[in-house]
Amino acid sequence: MAQPLYTIPGAAAGAAPAAAAPAAAPARTVAEVLAQSQVESVLDELDRDLVGLAPVKARIRDIAALLVVDKLRANLGLGAAAGPSLHMSFTGNPGTGKTTVALRMAQILHRLGYLRKGHLVAVTRDDLVGQYIGHTAPKTKEVLKKAMGGVLFIDEAYYLYRPENERDYGQEAIEILLQVMENQRDDLVVILAGYHDRMETFFRSNPGLSSRIAHHIDFPDYAADELLQIGSRMLDAMNYRFGAGAREAFEQYLARRIAQPHFANARSVRNALDRARLRQASRLFADRDRVLDADDLTTLAPADILASRVFAAPAAV
Ligand SMILES: Nc1ncnc2c1ncn2[C@@H]1O[C@H](COP(=O)(O)OP(=O)(O)OP(=O)(O)O)[C@@H](O)[C@H]1O
Ligand SMILES: [Mg+2]
């Protein structure tokens, strides 16, 4: 077999990946692995903190179960020569929680001892691919070096591949990625993310990449009631709340916004709330002499939401 062309410095040669938990007697039950790794708290937080996403949460539990059993097998000397392949693809529309879930995934893999550090490095094509000849390999290797021991999250991964451009440097980045995904998969997990359809086309044109991805996870769009719940949680986290009638106004806002172009799920919710906070601030700012109490400062009024341009257009478009 040919020597790997690229080896990104990572874990000290021969060093076993450090488990997050202190060394203890090898676990023999699922409960023992869970207790030693403290992975269950991350899974519970994922359930609790993220609204909806039932299929995504179920897939992540399945992956965690697979890894826990893998640990038990290894403890009995039944381990495979190579660790499990953990590269993934996260497909879905903008704002469906891909980046957020990738961060949790990195934590889970760290706690189970599959990643030394468990950090996440998020990049797009421009971070990997250079403009000129000779620039791509160093750029890609630099990113890989930063990501070693954690997760490399490549957003809109399909931009790496430009079939219309014969001499596109993206291909060079893909080739380096492929080698590292294969040869250093015990020290780096790659998550490729993007729109569902474009990722499918991308994988069809890059069977080498596709075949190295063990887990394809699809992120559904949120339903209106889930978006409302996400909005309430975001407000809560920022120490704001809907005043009388404002929740209903936001519901109406969402119904219209979902139907409009460039709707981006939870990201649009966050943006809408940011604009509502701006309007609230302008409203309070105009009232120079009023003493503002905590209620005034934390409450969004219906007007703060209904002033959105979304209400200027007919709901049907
Ligand atoms: N299920 C959820 N529950 C609560 N908050 C969520 C949920 N999904 C996403 N969010 C919030 O919405 C915002 C956008 O999410 P995130 O960045 O993870 O989406 P994304 O799919 O990566 O989007 P993009 O494609 O735009 O990068 C974040 O602030 C995140 O905290
Ligand atoms: Mg993202």
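**Exercise 1.** Which residue in E4 is the bridge partner of methionine 88?

*Solution.* Before starting, note that this is a predicted model, where local features need pLDDT of at least 70, side-chain atom pairs count only at pLDDT 80 or more, and totals for chains, interfaces and linings use all residues. Residues are numbered from 1 along each chain as its sequence is written, while chains are lettered from A and ligands numbered from 1 in the order in which they are written.

Step 1: find the strands, which are DSSP runs of E with at least two residues, numbered from the N terminus, as are helices (H or I, at least four residues). Step 2: E1 (residues 88-92) pairs with E4 (residues 189-194) in the parallel sense over four bridges; pairing requires that DSSP finds at least two. Step 3: the partner of methionine 88 is isoleucine 191.

**Exercise 2.** Describe how H6 packs with H7.

*Solution.* Step 1: take H6 (residues 136-147) and H7 (residues 170-183); their angle is about 40° and their axes are 9 Å apart. Axes are lines fitted to C-alpha atoms, for helices over the stretch in contact, with angles from 0 to 180 degrees between N-to-C directions. Step 2: list contacts (C-beta atoms, placed from the backbone, within 7 Å). Thr136, Ala137, Thr140, Lys141 and Leu144 of H6 meet Glu172, Ala173, Ile176, Leu177 and Val180 of H7.

Notes:
Two residues are in contact if their C-beta atoms, placed from the backbone, lie within 7 Å.
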